[in-house]
Amino acid sequence: MSANFWDDPQSILYIIIAFLVLDNLWAIYLLLRDILVVYKTQQVPNVISPYLPQELYDKMRVYKIHKSWFTIVQTLLMVVILGVLELYFGFYAWLYGVAGKCALAKWMEHEACVSVIFVLLLSLYFWLKSLPAMIYEGCCIRSLQPRPKPPWWSRICCFVVDVILGVAVTTVVVVALVYMFIGLGSYAPLGLYFQLLILTMIIFLLIPFLVDPFFGRRVPMENSNLRTQLENLTRQVGFPMSQVRVIRVHDPNTGSNAFFYGCCCLKRIVIFDTLLLNRGKADTSQLSPEELGRGLADPLVVAVVAHELGHWRNGHFYKAILSFQVHLILTILLFALLFGHGPIYQAVGFAPGLQPIVVGCLIIFGFVLTPYMTLANFSMINITRCFEYQADEFAYRLGYGGELRQALLKLYADNLAFPVSDPCYSRWNHTHPTMLDRLGRLEEHRR
């Protein structure tokens, strides 16, 4: 390796390949640790055995093992091996050249048009690369919650609509990105940051109005006893009861859940009707056999809402926004440092002086910044895990520790979430602590 590796394309290429390989091998190592724990835990943990039959646990265990080994093979073949070959043999530079040859008219030779063609060809390649895995997963990994498949004509129509929308959105985004970088020059990373900042603000403002129709439709709370208990709880902590919504979800297989989001007058606590016992219906004659008995009794629902109020009272929404902004600023600063460095482009096969904007974004965000992205993701995950522990503690201090414990046990069983995980794997991959970890922390509060 050259002493001045920063200006040596070959050294940069080897470093990028090393980032790719080490990052994915670390992910595989963590997954192997998790698989080992699953192999060892053959019996349902005693704490959840009243809610999770051994037969169902065995099915969940087999499913998790099969899915985990499939993920490892998929990562090794399609991400590591093919990824190394793509980088080493200059696949992205070659594909950009193919996109340039597809420019049949003079106006199509503009970088924006070539970039659109490149991204569409790359998307097609990624889809073809993932197709064998999708077929295997759909045909060979039996789902724990089998769902009726829509008619073939409906699936074809949905696929066509998705393709058309995907091409339209891709075209707009790529063209806007290229023209922004051309227009702003060296200030383009700053413009990218403000674009993302504005987009984030718009999303935060629109989410309160989009959540209800996206997941389902808002329905009144039929259970007057539950409403009374929730009114007492929200009055106790100063949260407006009018902002607690029950959503009748479109898909009855949607996991039992409740969540808090928003701020100021746009804050909401959303309760999926699947969280309520028998979907909150007084008349259970219209429910399927799978839905009967699913959900939580009223005191347990109140404990879950107390947990969500803990997110509100501890200001987790604001803290999450702040941490995301810190991450975004650091990412843009690193990107600005690397984007104009020519040897990075030469490392992936481009001739000196040729630095396509879209390819630069792909290589830097997708490969060069891998170590930072991995550590940043680990930090963000652990921040959210800390938030969950704090929200549990808030519910405990309100006197709902016992009910929250029962709610967690029932929810994990209803949602078919495997209750056992390797601690190291969980800290790197799960935004929520495992059920056993949360129960252990609740037990500590009692001492």
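In strand β3 (residues 258-261), Ala258 and Phe260 point one way, Phe259 and Tyr261 point the other way, and all of them are buried. Here buried means under 20% relative accessible area, exposed means over 50%, and partly exposed lies in between, with a 1.4 Å probe and protein chains only. Helices (H or I, at least four residues) and strands (E, at least two) are DSSP runs numbered from the N terminus. In a regular strand the side chains alternate between the two faces of the sheet.

The model is a predicted one, in which local features need pLDDT of at least 70 and side-chain atom pairs count only at pLDDT 80 or more, while totals for chains, interfaces and linings use all residues. Residues are numbered from 1 along each chain as its sequence is written, and side-chain values use heavy atoms, with hydrogens and water left out.

Strand β3 pairs with strand β4 (residues 268-272) in the antiparallel sense over four bridges, where pairing requires that DSSP finds at least two bridges between the strands. Phe260 stands opposite Ile269 of β4, and in the hairpin, which has six residues between the two strands, Gly262 takes a positive phi near 95°.

Ile269 also belongs to the largest nonpolar core, which has 50 residues and in which Leu230, Ile269, Ile271, Leu275, Leu296, Val305 and Leu309 have the most contacts. Such a core is a set of buried Ala, Val, Leu, Ile, Met, Phe, Trp, Tyr and Cys residues joined through side-chain atoms within 4.5 Å. Helix α12 (residues 370-414) gives the most to this core, with 10 residues. A second, separate core of 49 residues includes Leu13, Ile16, Leu87 and Met180. Leaving aside neighbours within four places in sequence, the contacts of Leu275 (heavy atoms within 4.5 Å) include Ala258, Leu296, Val304 and Leu411.

The aromatic residues form 25 pairs, under a rule that takes rings of Phe, Tyr and Trp (its six-membered ring) with centres within 6.5 Å, and that calls planes under 30 degrees apart stacked, over 60 edge-to-face and the rest tilted. Two of these pairs are set out below.

| Pair | Centre to centre | Angle between planes | Kind |
|---|---|---|---|
| Tyr125 and Phe126 | 5.8 Å | 45° | tilted |
| Phe335 and Phe365 | 4.7 Å | 5° | stacked |

Because Phe335 lies in helix α9 (residues 316-339) and Phe365 in helix α11 (residues 357-368), their pair ties together parts that are 30 residues apart in sequence. Phe335 is buried at 0% relative accessible area, whereas Phe365 is partly exposed at 28%. Tyr125 is partly exposed at 22% relative accessibility, and Phe126 is partly exposed at 33%. Tyr125 and Phe126 also form one aromatic cluster with Phe91, Tyr92, Trp94 and Phe367.

Charged ends also sit over rings, which requires NZ of Lys or CZ of Arg within 6 Å of the ring centre and within 35 degrees of the ring normal. The charged end of Lys267 sits over the ring of Phe239, 5.8 Å from its centre, and that of Arg441 over the ring of Tyr389, 3.8 Å from its centre.

The structure holds zero disulfides, a disulfide being a pair of cysteine sulfur atoms within 2.5 Å. The sulfur of Cys113 is 12 Å from the closest cysteine sulfur, in Cys102, and is therefore too far away for a bond. Cys157 is in no disulfide either, the nearest cysteine sulfur being that of Cys158, 7.0 Å away, and Cys157 counts as partly exposed at 44% relative accessibility.
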